[in-house]
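Student: Could we go through this one together? I'd like to know where the labels come from.

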Amino acid sequence: MATDPLAEAGFYFDELNKLRVLEPDVSQKTSELKEECKEFVDKIGQFQKIVGGLIELVDDLAKEAETEKMKAIGARNLLTSVAKQREAQQQQLQALIAEKKMQLERYRIEYEALSKVESEQNEFIDQFILQK
């Protein structure tokens with residue numbers, strides 16, 4: 001069988017009868033590889049979009065978690081502050097109670113002294129009236 005002199009020189013004809021330098025099977029594999037690369041690039045692009053959406057979602061969740069964390073810290077601090085205020089108020093009220101008890105004791109002693117004076121004065125008046 002005779003060999004094609006153009007093929008021996010490295011020239012080939014494709015299906016459209018155009019002169020090519022590459023062998024037809026190498027040209028076909030190159031085209032297939034080009035298509036596979038395009039599909040791969042498309043898939044990588046879709047993957048990047050999905051990952052970008054996932055990262056955005058995770059960032060949003062992280063921001064929301066941080067917001068809730070700050071709210072919880074604020075609520076805890078407020079609760080601690082309220083507890084301290086109540087404790088201070090309780091101490092003030094206990095001091096006021098102690099002060100009022102001391103005042104009551106002073107009033108009681110004064111009342112007893114005045115009652116004694118009244119009794120003595122009434123006795124003096126009674127004696128004075130009896131002497132007249």
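Student: What makes Leu 57 partly exposed?

Tutor: Keep in mind that this is a predicted model. Leu 57 has a relative accessible area of 47%. Buried means under 20% and exposed means over 50%, so with 47% Leu 57 falls in between and is called partly exposed.

Student: What does the rest of the chain look like?

Tutor: There are 2 helices and 2 strands, and from the N terminus on they run α-β-β-α. The chain has 132 residues, and 2% of them count as buried.

Student: Why are Glu 68 and Lys 71 called a salt bridge?

Tutor: A general point comes before the numbers: side chains of opposite charge can pair when their charged atoms come close. For Glu 68 and Lys 71, the N to O distance is 3.6 Å. The cut-off is within 4 Å, so this pair counts as a salt bridge.

Student: How far apart along the helix are Glu 68 and Lys 71?

Tutor: They are 3 residues apart in helix α2, so about one helical turn separates them.

Student: How many salt bridges does the structure hold?

Tutor: It holds 3. Besides the one between Glu 68 and Lys 71, Arg 108 meets Glu 105 at 2.3 Å, N to O, and Arg 108 also bridges to Glu 112, with the closest N and O atoms 2.4 Å apart.

Student: What makes Glu 105, Arg 108 and Glu 112 a network?

Tutor: Their salt bridges share partners, and that joins Glu 105, Arg 108 and Glu 112 into one network. Along helix α2, Arg 108 lies 3 residues from Glu 105 and 4 residues from Glu 112, each about one turn.

Student: And what makes Arg 108 partly exposed?

Tutor: Its relative accessibility is 37%. That value lies between 20% and 50%, so Arg 108 counts as partly exposed. Glu 105 at 35% and Glu 112 at 44% get that label too.

Student: What does UniProt place at residues 79–117?

Tutor: The unreviewed UniProt entry places the feature "coiled-coil region" there. In this model the stretch is 100% helix and 0% strand, and its end C-alpha atoms are 56 Å apart.

Student: Last one: why are Phe 124 and Phe 128 called stacked?

Tutor: The count comes to 1 aromatic pair. In Phe 124 and Phe 128 the ring centres are 6.3 Å apart, with 20 degrees between the planes. Centres must lie within 6.5 Å to pair, and planes under 30 degrees apart count as stacked, so the pair passes both tests. The two lie 4 residues apart in helix α2, about one turn.

Terms used
Residues numbered from 1 in each chain as written. Predicted model: local features only at pLDDT ≥ 70, side-chain atom pairs only at ≥ 80, totals over all residues. Heavy atoms only, no water. Buried < 20%, exposed > 50% of the residue type's maximum accessible area, 1.4 Å probe, protein only. Phe/Tyr/Trp six-rings, centres within 6.5 Å; stacked < 30°, edge-to-face > 60°. UniProt positions renumbered as here; feature names shortened; annotations may be inferred. Salt bridge = Lys/Arg side-chain N within 4 Å of Asp/Glu carboxyl O.
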